[in-house]
Number of protein chains: 2
Amino acid sequence: MAADRRTVIMEAAARLIARRGVRGLRIEELAAEAGVSNGLIYYHFKDRAGVLRATLEFINDRAERYTADRVAAEHRTDPRSVLEQTLLLEFQDTAEVRENSTAWGELRASAMFDALLRTELAEATHVWDGEVADLITAVLPAAPAWRALEAAQRLTALLEGLSGRWLSEGLTLDHARTLILAAIEAELSHLDSA
Amino acid sequence: MAADRRTVIMEAAARLIARRGVRGLRIEELAAEAGVSNGLIYYHFKDRAGVLRATLEFINDRAERYTADRVAAEHRTDPRSVLEQTLLLEFQDTAEVRENSTAWGELRASAMFDALLRTELAEATHVWDGEVADLITAVLPAAPAWRALEAAQRLTALLEGLSGRWLSEGLTLDHARTLILAAIEAELSHLDSA
DNA sequence: GTCTATAAAGCGATAGAC
DNA sequence: GTCTATCGCTTTATAGAC
């Protein structure tokens, strides 16, 4: 687990992206943050785009890992709790979650002006929506699949909206958590009564 | 109403921000788009940050104007329709709405890395949430004010999330509209039964 | 107020030594 | 693999003429 230079650089990049954004990332600053030379970054990643690609992948893997861990840890509890915990996972004040959420927001913002990112982003969103839809179906097996999917889309889109507010204007984590829990309640009861 | 150069520049900036993002805005490109010289921009706006500040304010005013107009035009119909129409306003494929939504998304993204923008953004968000809360109260006068406000916060945050998806990955306008209408239905019925 | 020309800075990328 | 030094393009910003 002794972090090689390549990993050190990606970790530093993740921190800097959270602090300055994807488009604010400077190679020289990254070198300083990682404690390596300017040239080494080009040696390992070829160019700036390579740094970004590797780092976003790195961040994504990390996010999948903590999500999977947490959901696995919760698997004994009831489906409703699993759904709630999964969505609440994105609202924690840890460096890792902050970095992940920021990077995700940056990815979305960048995709508005970069056609290449769009496909990849749409794919990831689609997978995420499907996972949440499955969790909803576990809570309410009687609900039609398309309804569960639409509810999932609303919840994940809401989550992104709340995440943006959390990171940009200090909507408190507590309030964000309250709002997402209430939304789950509203969606489930509406789904149940349909 | 003959647009002075200053306004022409801000309009051009709005178009360019929608196309390239806040952080992709180049002074030289802006000059070309506006049909003026490089130097004139500095004469009117002092520096790049000044251009951004003025343009974001300009866009915000424009958005408030069209929202106000539309809501006023709808004032004869029932409160529920006014609420729906107000939120659906943000999902139209017109240059103005696209520019506004893109700029708003950019503003949020930028605010994550720029403390100066945060206050202004929080203020605008707060006003917008309050307006939506008022519309909800008009539909369900019996609902406690704090519940109406929280429902409004969820709806506006959802709207931002959906808007981001619309602009970044081609979530269709139709689907976005369907989802926001269903969310209104879920929130109102949940609020009504509480 | 508006333009042209240019200085100054920032930043990505490469070369070459060790 | 890693560092130092530097090149060259891009972009912001200013000076000065009209």
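How do the residues of the surface near DNA strand C divide into nonpolar, polar and charged? I found six nonpolar, four polar and four charged residues, where Ala, Val, Leu, Ile, Met, Phe, Trp, Tyr, Cys and Pro count as nonpolar, Asp, Glu, Lys and Arg as charged, and the others, Gly among them, as polar.

I noted that this is a predicted model, in which local features need pLDDT of at least 70 and side-chain atom pairs count only at pLDDT 80 or more, while totals for chains, interfaces and linings use all residues. Side-chain values use heavy atoms, with hydrogens and water left out.

**Surroundings of DNA strand C.** I listed 14 residues around DNA strand C, the closest being A:R26, A:Y42, A:R48, B:R5 and B:S37; a residue is near the strand if one of its heavy atoms lies within 4 Å of it. Of the atoms of DNA strand C that come within 4 Å of the protein, 69% belong to sugar and phosphate.

**Phosphate contacts.** An N or O atom in the side chain of A:R26 is 2.7 Å from a phosphate oxygen of DNA strand C, and for a polar side-chain atom of B:S37 the distance to a phosphate oxygen is 2.8 Å. A:I27 instead uses a backbone N or O atom, 3.0 Å from a phosphate oxygen.

**The copies.** I read that chain A can be laid on chain B with an RMSD of 0.5 Å by a turn of 178° and a shift of 0.1 Å along the axis, superposing by least squares on the C-alpha atoms of residues with pLDDT of at least 70 in both. The two copies are therefore related as by a two-fold rotation axis.

How values were computed: Residues numbered from 1 in each chain as written. Chains lettered and ligands numbered in written order. Polar contact = N/O pair within 3.5 Å; in protein donor to acceptor, adjacent residues only side chain to side chain.
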